[in-house]
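Please keep the sequence and the three-dimensional view at hand while reading.

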2 protein chains.
Amino acid sequence: MQHIILCGGSGTRLWPLSNRHTPKQLLPLFDGKSLLQLTWLRNAFACSSVLAIVNEQHAEEAAIQMSKEGAGDITLMAEPVGRNTAAAIALAAFTTTPDTILLITPADHLIGTPELYAETIETAKELAAANNLVTIGLQPLYPETGYGYIQYDGYDVVRFTEKPDAVTAEAMLKSGDYLWNSGIFCGKAGVLLEQLEEHAPQIYHAAALAAAEWMQTGSISVDAMEAIPSDSIDYAVLEKSSIVKVVPSAIEWNDVGGYEALADALASHYRYSNHQAVFIGSDPVNSMVIGKDKLVALVGIEDVVVVNTPDALLILKKGKGQDVKQLHQWVKENRPELL
Amino acid sequence: MQHIILCGGSGTRLWPLSNRHTPKQLLPLFDGKSLLQLTWLRNAFACSSVLAIVNEQHAEEAAIQMSKEGAGDITLMAEPVGRNTAAAIALAAFTTTPDTILLITPADHLIGTPELYAETIETAKELAAANNLVTIGLQPLYPETGYGYIQYDGYDVVRFTEKPDAVTAEAMLKSGDYLWNSGIFCGKAGVLLEQLEEHAPQIYHAAALAAAEWMQTGSISVDAMEAIPSDSIDYAVLEKSSIVKVVPSAIEWNDVGGYEALADALASHYRYSNHQAVFIGSDPVNSMVIGKDKLVALVGIEDVVVVNTPDALLILKKGKGQDVKQLHQWVKENRPELL
């Protein structure tokens, strides 16, 4: 298999910890490793080569991080502008042979159960070898409204539901028939392109031209990139295709989608110590302090995330992580130099 | 009158805003002025000269601040070690003529009603001219257990009660017969020394020697200073003397004894703007952010004081200001270089 890493994200929900120079997936937060590095290491057992599709301003750092982890046979494809996952995946598919199975993963997830993950991927690979497009479905843990859901029956997909409302999410959770869409999937390059051509022909044709440009010159022009319609692979292909399978999996999965998720990950797996922090009348267990330049003292404060960077200091009540988007918007309008 | 400023304090309750280099009274927090400067300005109407008694490591900064406010005729007496208020006041009294009325004030109080204050001081001065020792009593606002109380009858003192328990404080507040002891008082130098000789002869004699040393050499040795017993003027003289009067006053008074008091003072009198701070889902009115080096963002956080200094970052729940003492103790034991 070839590993395709979708490394183009530039999240807004971990500002000021992440910023335009260092997006979430490149932060060395996990025992000194980044989510990108962990993603590569997690999948190395199954993949002989890796192609990372990355925003051009992060290409150099991504290459350095990957090579540190022994990823010798790595190809980087730098996007001058991001055009969502369908474009990135199409570009990747055009640069390889039709029979190569692509294992496509986001660069910014954390998975706590490597053996179970490996089993899941082996199953997905088998289904992909039989010319299916295969997505990994996760056991839902709570009625999250921000994810996509997959109604399933064995390995068969009954239907996709994107970002349901709270009532629907609750009902889906209770029914036991639904999985979360992990964003990890698997398929032969040729099968993927076939399905793209059928269900999203504009993406298919524009991506073919951009991929040709890249193979000739080693880079993609802004014009070629912007000619590709921006859409997710879920909308463009998976929800429309009749050859999609799902592998249900109980892997421990964290999309590090905000500070609460990050705090959970650091606390449970990395024994993150609130170094440089002192707690007076405050429980050190329910708060997280990130930032090394000075002593941080919490007095009578509970359930907060404190992030102290050279650019800014964030003090966030746990449970309000979604509001960091609003903060990001404020900073964009008022102090754009800090992003 | 001569103004005597007791400038020796080095509070622990405003760390890290204040530290050993810059104690509370020297911080330029109030429209760019310090409590020391405001103290001098508030009393200038009544005093022809001023003597500030200050820890020797802060003498230079105190002199600079006073001269900025036009205090030409200022004398600084640098203490090599602090020996509490009785020692400082005795030293001051020995350096002036017996008939001079001394107006003795702490350097670290904030008073919001200058005209009422001036009236109060004029009344105190008249009583001092008649050979009384005169203290300023404040209308108590709540059953504070950290202050001294004075039971009064007109200008007469019935009794002093130091730091009562909560039940006693509540009863004293309700009775209407008690005032808070402000720490501001007034008396002729000769009368003060007479009373000191009678009620605290050891302080009197040791201070006489130290004052003589200062008048000869311009400085006081550690030995001479340490020979003076350490006691407050309240314990050493006021509670024992029969010639003490009290002037009840309704001045708006704030001892800036902790972060809550500081936040109140800044909010109510100085229209302190939480500059460099952004509030998302957080009320900017009930929190205070001090620190200019970077943007501070509060998301979903209420009723906190945030102090960001080069040494440390403090996040304090309002109402827990007393616990800053514990924090100070922790820092003393673990990171003494930060004090």
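The points below treat the interface between the chains, the sheets, and some local backbone features.

The model is a predicted one. In it, 33 residues of chain A are in contact with 33 residues of chain B. Strands of the two chains also pair with one another: five bridges join β16(A) to β14 of chain B, and five bridges join β14(A) to β16 of chain B.

**The interface between chain A and chain B**

- Between them, chain A and chain B bury about 2600 Å², and 70% of this area is on carbon and sulfur atoms.
- On the side of chain A, the residues that lose the most area to chain B are Leu295(A), Leu313(A) and Ile315(A), which together account for 26% of what that side buries.
- Five elements of chain A each supply at least two residues of the side that touches chain B: the strands β12 (277–280), β14 (295–299), β15 (304–308) and β16 (312–317), and the helix α11 (324–334).
- The largest share of that side comes from β16(A), with six residues.
- By class, the side of chain A that touches chain B comprises 21 nonpolar, seven charged and five polar residues.

**The sheet that runs from β13(A) to β12(B)**

- Five strands form an open sheet with mixed pairing, in the order β13(A)-β15(A)-β16(A)-β14(B)-β12(B).
- The edges are held by β13 (288–290) of chain A and β12 (277–280) of chain B; each has a single partner strand, so one side of each is left without a neighbour in the sheet.
- From one strand to the next, the twist averages 10°.
- Within chain A, β15(A) and β16(A) pair in the antiparallel sense over five bridges, and Val306(A) has Ile315(A) in β16(A) as its bridge partner.

- The strands β14(A) and β16 (residues 312–317) of chain B run parallel, and Leu295(A) stands opposite Ala312(B) in β16(B).

**Local backbone features**

- Most residues other than glycine have a negative phi, and most peptide bonds are trans.
- A cis peptide bond joins Trp15(A) to Pro16(A), with omega about 5°; Pro16(A) lies in the loop between β1 (2–7) and α1 (35–43) of chain A.
- In chain B, Trp15(B) and Pro16(B) are likewise joined by a cis peptide bond, with omega about 5°, and Pro16(B) is placed in the loop between β1 (2–7) and α1 (35–43) of chain B.
- Asp31(A) is not a glycine, yet its phi is positive, at about 50°; Asp31(A) is found in the loop between β1 and α1 of chain A.
- Asp165(A) caps the N-terminal end of helix α5 (residues 166–175) of chain A, with a side-chain oxygen 3.3 Å from the backbone nitrogen of Val167(A).
- Gly176(A) follows α5(A) and has a positive phi, near 80°.

Note on methods:
Residues numbered from 1 in each chain as written. Chains lettered and ligands numbered in written order. Heavy atoms only, no water. Contact = heavy atoms within 4.5 Å. Buried area = accessible area lost by both parts, 1.4 Å probe. Helix = DSSP H or I, 4+ residues; strand = E, 2+ residues; numbered from the N terminus. Nonpolar A, V, L, I, M, F, W, Y, C, P; charged D, E, K, R; others polar. Pairing = 2+ DSSP bridges. Axes fitted to C-alpha atoms, helices over the stretch in contact; angles between N-to-C directions. Polar contact = N/O pair within 3.5 Å; in protein donor to acceptor, adjacent residues only side chain to side chain.
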